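Hi,

Here is the structure I said I'd pass along. Have a look first, and my notes follow below.

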Amino acid sequence: MIEWTRMRLSQWGKWCRGRAVSGYPSASAFFYANMGERSAAGSEAPDDIAEVDAAVAKLPSPLRQVLILFYCTTGPVWWKAQKMFTSRRTLMRRVRLAEERINFYLGVASAPKP
């Protein structure tokens with residue numbers, strides 16, 4: 001089951017890398033906001049990506065930052081560990097903890113309702 005979660009987190013990370021991450025909204029976002037639209041067509045996340053994004057948002061900030069760094073940025077693991085001012089082993093331990101929590105959140109979300 002955790003492999004399924006890792007695959008979904010990888011897809012989420014790829015989707016995040018494909019977006020502009022400047023921190024500023026695009027001109028089209030201002031245009032559509034003034035027109036009463038939520039956003040430009042096609043900028044909404046697909047349902048499976050939005051589900052993972054919502055699960056990541058539930059995490060405490062330190063674990064959320066680890067997942068964002070690990071899955072949404074490119075580069076070797078040693079470099080990502082340096083960015084977090086930690087060792088590679090500690091980074092991977094935190095990633096595994098965050099993945100387990102995401103696995104739980106996604107399992108609860110997809111469980112049949114009584």
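Start with Trp12, which touches Ile49, Val52, Asp53, Val56, Leu67, Ile68, Tyr71 and Cys72, leaving aside residues up to four places away in sequence. Keep in mind that this is a predicted model.

Trp12 is also among the residues with the most contacts inside the largest nonpolar core, along with Leu9, Val56, Leu59, Leu67 and Ile102. That core has 22 residues. Two or more of its residues come from each of α1 (2–18), α3 (47–58), α4 (61–72) and α6 (88–110), and α6 gives the most, with seven.

Zooming out, the protein is built from six helices and zero strands. Of its 114 residues, 27% count as buried. Taking the contacts with a separation of 6 or more, 73% are between residues 24 or more positions apart. The accessible surface comes to about 7,800 Å², and carbon and sulfur atoms account for 58% of that.

Now for the confidence, before you set anything up. The average pLDDT of the protein is 78, with 71% of the residues scoring at least 70. Helix α5 (residues 77–83) has the highest confidence, at a mean of 94, while helix α2 (residues 27–34) has the lowest, at 42. Over residues 20–42 the pLDDT is below 50, and that stretch has eight contacts in the model beyond near neighbours in sequence.

Cheers

Note on methods:
Residues numbered from 1 in each chain as written. Predicted model: local features only at pLDDT ≥ 70, side-chain atom pairs only at ≥ 80, totals over all residues. Heavy atoms only, no water. Helix = DSSP H or I, 4+ residues; strand = E, 2+ residues; numbered from the N terminus. Buried < 20%, exposed > 50% of the residue type's maximum accessible area, 1.4 Å probe, protein only. Contact = heavy atoms within 4.5 Å. Areas by Shrake-Rupley, 256 points an atom, 1.4 Å probe, with all protein chains shown as cover. Core = buried A, V, L, I, M, F, W, Y, C linked by side-chain atoms within 4.5 Å. pLDDT = per-residue confidence, 0-100.
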